[in-house]
Amino acid sequence: MLTFSKGGVPVKENASIGEIITESTDFILHGSSINTNVSIPDNLWETKVDREQISQVIQNLILNSMEAMPSGGTISISCKNLITIGNDQREHRYIQIKIKDSGTGIKQESLNRIFDPYYSTKATGSGLGLAVTFSIINKHDGFIEVESEPGKGTEFFIHLPVCESIEKEITGNDRKQTAYSKISCTILVMDDEKSIRKLLTSMLTSLKHSVTAVENGKEAVEAYKKNKFDLVILDITIPGGMGGLETIKELKKINPNVRAIVSSGYANSPVLARYTDYGFSGALAKPFHADDLKEIIEKVISS
Ligand SMILES: Nc1ncnc2c1ncn2[C@@H]1O[C@H](COP(=O)(O)OP(=O)(O)OP(=O)(O)O)[C@@H](O)[C@H]1O
Ligand SMILES: [Mg+2]
């Protein structure tokens, strides 16, 4: 049984989230018949966390997933870097950990109670697992979200902030103020993530470009048919939709001279390294700074 005793003030140290995840997963699932799928990108930002507490969070979530799949199934764990824009209009950087199972799912009416202490639907559950989890993430200034479909499975999303000193190293604290672009373009942005669409739109409009942002390839093709944009910025992977590689092929049919930049959160993606082979004029690894964006746009537009 889990108790609140470990839920004190976090003692934060530099830690590899990937390591914590693999260790916790191996520990809980050792000898079980559950399949696991762990994907941690090499360029995942570092952050400071209380190792023991975050291990406990991962273990609680995996244990719940296991208990939701009594006759076996798959747990997929993946991490990514995430930039969101806060109410203060500033960028905030998080590491997102997604834990997905193919278990029983959670009924709609239970969803807003699962984090309550002592709420449990299990015969022998204490109902403290998620309450402790919530409290730990909260003390790390992070947040946790859940999506679930009864009969299909459940996904938990943990967000841990990238601590300030590390954030400074990423963004560079001695960067020059970004000057306006000399040229003003019409730009089409395609990204499945709302926060990235918002971020790109705000960065590009502050560079005096005009921006249309869409969620997937289908919408990108429709928008491009209506308006031959000076430039398009396409994300490679769009879950459940047409991604950047397919989209560029369609756009080339409409305009063989389309100017496109491919973007990806996987800095090691071969498409970023050999973007011209795939029909792109430039490549952008996420996360990026406004200066990187300005530079690549000027390069592609003047090419
Ligand atoms: N992955 C999941 N799939 C389905 N239901 C879940 C999942 N995670 C949590 N739940 C639901 O949320 C409830 C609360 O979870 P929590 O971990 O807090 O308590 P518990 O697992 O019941 O007990 P304890 O963790 O203390 O042993 C569970 O009883 C279950 O109904
Ligand atoms: Mg539990």
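1. Helix axes here are lines fitted to C-alpha atoms over the stretch in contact, and angles run from 0 to 180 degrees between N-to-C directions. Helices (H or I, at least four residues) and strands (E, at least two) are DSSP runs numbered from the N terminus. This is a predicted model, in which local features need pLDDT of at least 70 and side-chain atom pairs count only at pLDDT 80 or more, while totals for chains, interfaces and linings use all residues. Residues are numbered from 1 along each chain as its sequence is written, chains are lettered from A and ligands numbered from 1 in the order in which they are written, and side-chain values use heavy atoms, with hydrogens and water left out.

2. Two packed helices are described by the angle between their axes and the distance between the axes. For helix H2 (residues 51-67) and helix H4 (residues 129-139), the axes cross at roughly 145° and come within 9 Å. On the side of H2, the contact (heavy atoms within 4.5 Å) is made by Gln53, Ile54, Gln56, Val57, Asn60, Leu61 and Asn64. H4 contributes Gly129, Leu130, Val132, Thr133, Ile136 and Ile137. By class, 7 of these contact residues are nonpolar, 6 are polar and none is charged. In this scheme Ala, Val, Leu, Ile, Met, Phe, Trp, Tyr, Cys and Pro count as nonpolar, Asp, Glu, Lys and Arg as charged, and the others, Gly among them, as polar.

3. Ligand 1 is surrounded by 21 residues (a heavy atom within 4 Å), the closest being Ser120, Thr121, Lys122, Ser126 and Leu130. The shell divides into 11 polar, 7 nonpolar and 3 charged residues. H2, H4 and strand S7 (153-161) each supply at least two residues of this shell, and H2 gives the most, with 3 residues.

4. Lys122 places a polar side-chain atom 2.6 Å from an oxygen atom of ligand 1. A polar side-chain atom of Asp101 lies 2.9 Å from a nitrogen atom of the ligand, and a backbone N or O atom of Gly127 lies 3.1 Å from an oxygen atom. Taken alone, ligand 1 exposes 590 Å², of which the protein buries 92%; these areas come from the Shrake-Rupley method with a 1.4 Å probe.

5. Asp141, in the loop between H4 and strand S6 (143-149), has a positive phi of about 60° although it is not a glycine. A cis peptide bond, with omega about 0°, joins Lys286 and Pro287; Pro287 lies in the loop between strand S12 (282-285) and helix H10 (290-301).

Conventions. Polar contact = N/O pair within 3.5 Å; in protein donor to acceptor, adjacent residues only side chain to side chain.
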